[in-house]
Amino acid sequence: FSDGVSRFSGIRYTNFPQHSQQLLESVLADDRPALITALDSAAAQLGRCCDVSFRVRHVDTGEWRWIQLLARSRAADDGRVLLNATLTDVSERKQQEGRIADSERLLKAAVDASLDGIWEWDLESNVLYLSDAWHRQLGYEPGELEPHLETFTRLCHPDDLAPTFAALSPTLEHPQSIGYTVEFRMLCKDGRWQWTLGRGNVSQR
C-alpha cells in the first residue's frame with residue numbers, strides 16, 4: 001500500500017495481512033458486501049477489472065471518505081492470483097454529485113407542486129419535456145402524451161399554430177432577449193378548446 005492509502009485511512013501499513021483486514025473493517029458496513037463481491041469477481045477471472053466506490057472511516061479523525069477502487073487481476077509466476085489496484089479519494093466529487101441530486105430533487109418538487117405547466121423543447125431532437133401539471137391542464141394523466149414536438153402541433157388549434165411559432169422565432173434568433181409571451185388554444189382530452197398562455201426563453205444554446 002502506498003502512503004496515499006494511509007492518508008485517507010489513517011492506517012500505517014507495516015503488516016500487510018493485519019492492516020488489510022483493518023482497512024476492510026474501516027469500510028462502512030453497508031458498502032462492504034459490494035466491495036467484497038467486486039474483488040472476488042475480479043480475482044475469479046484473470047484480467048477482469050472492477051470499479052467500485054465505498055466509504056472508509058479515518059481511524060484517527062473519524063471522518064468518512066469516499067474511495068474509488070479500480071483493480072485488475074493477474075497471474076504471478078508461481079500461479080498465485082494478484083490484484084493490482086488503485087484507490088482514489090473521490091469525496092469531493094461525491095459531495096458535488098450529492099448537491100446536484102439535492103438541487104434536482106428540489107426543482108422536481110417545485111415543478112410538481114406548481115399549477116403552471118412546465119415544458120422544455122430540445123430543438124435538435126424535437127423532444128419535449130412536459131410536466132405533470134402540463135398534462136393535467138389538458139385533462140391527461142402524467143406521461144400519457146408523447147414527449148415530442150408533434151404532440152404540441154397536433155393539439156394546438158390550427159389557426160393558432162403559425163402565430164405561436166411566429167411569436168417564438170425572435171426569441172430563438174436572439175437568445176439574450178426577455179423571451180416571448182403568446183396565447184393559443186389547446187385541444188383538451190375531452191374535446192374542448194382551452195385558451196393557454198405560453199411563456200418561454202432560451203435556457204441553453
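Student: What should I know before reading the model?
Tutor: Because the model is predicted, local features need pLDDT of at least 70 and side-chain atom pairs count only at pLDDT 80 or more, while totals for chains, interfaces and linings use all residues. Residues are numbered from 1 along each chain as its sequence is written, and side-chain values use heavy atoms, leaving out hydrogens and water.

Student: Which residues have the most contacts inside the largest nonpolar core?
Tutor: They are Trp 134, Leu 138, Phe 152, Leu 155, Phe 184 and Met 186, in a core of 17 residues. A nonpolar core is a set of buried Ala, Val, Leu, Ile, Met, Phe, Trp, Tyr and Cys residues joined through side-chain atoms within 4.5 Å; buried means under 20% relative accessible area (1.4 Å probe, protein chains only).

Student: And which strand gives the largest share of this core?
Tutor: Strand 6 does, with four residues. Strands are DSSP runs of E with at least two residues, and helices are runs of H or I with at least four, numbered from the N terminus.

Student: Moving on, is Thr 171 buried or exposed?
Tutor: Thr 171 is buried, because its relative accessibility is 3%. This residue lies in helix 7 (residues 158-173).

Student: How are strand 4 and strand 5 joined?
Tutor: Four bridges join strand 4 (residues 119-122) to strand 5 (residues 127-130), and the two run antiparallel. Asp 122 is opposite Val 127 of strand 5.

Student: How many disulfides are there?
Tutor: The search of the whole structure finds zero; a disulfide is a pair of cysteine sulfur atoms within 2.5 Å.

Note on methods. Two strands pair if DSSP finds at least two bridges between them. Buried means under 20% relative accessible area, exposed over 50%, partly exposed in between (1.4 Å probe, protein chains only).
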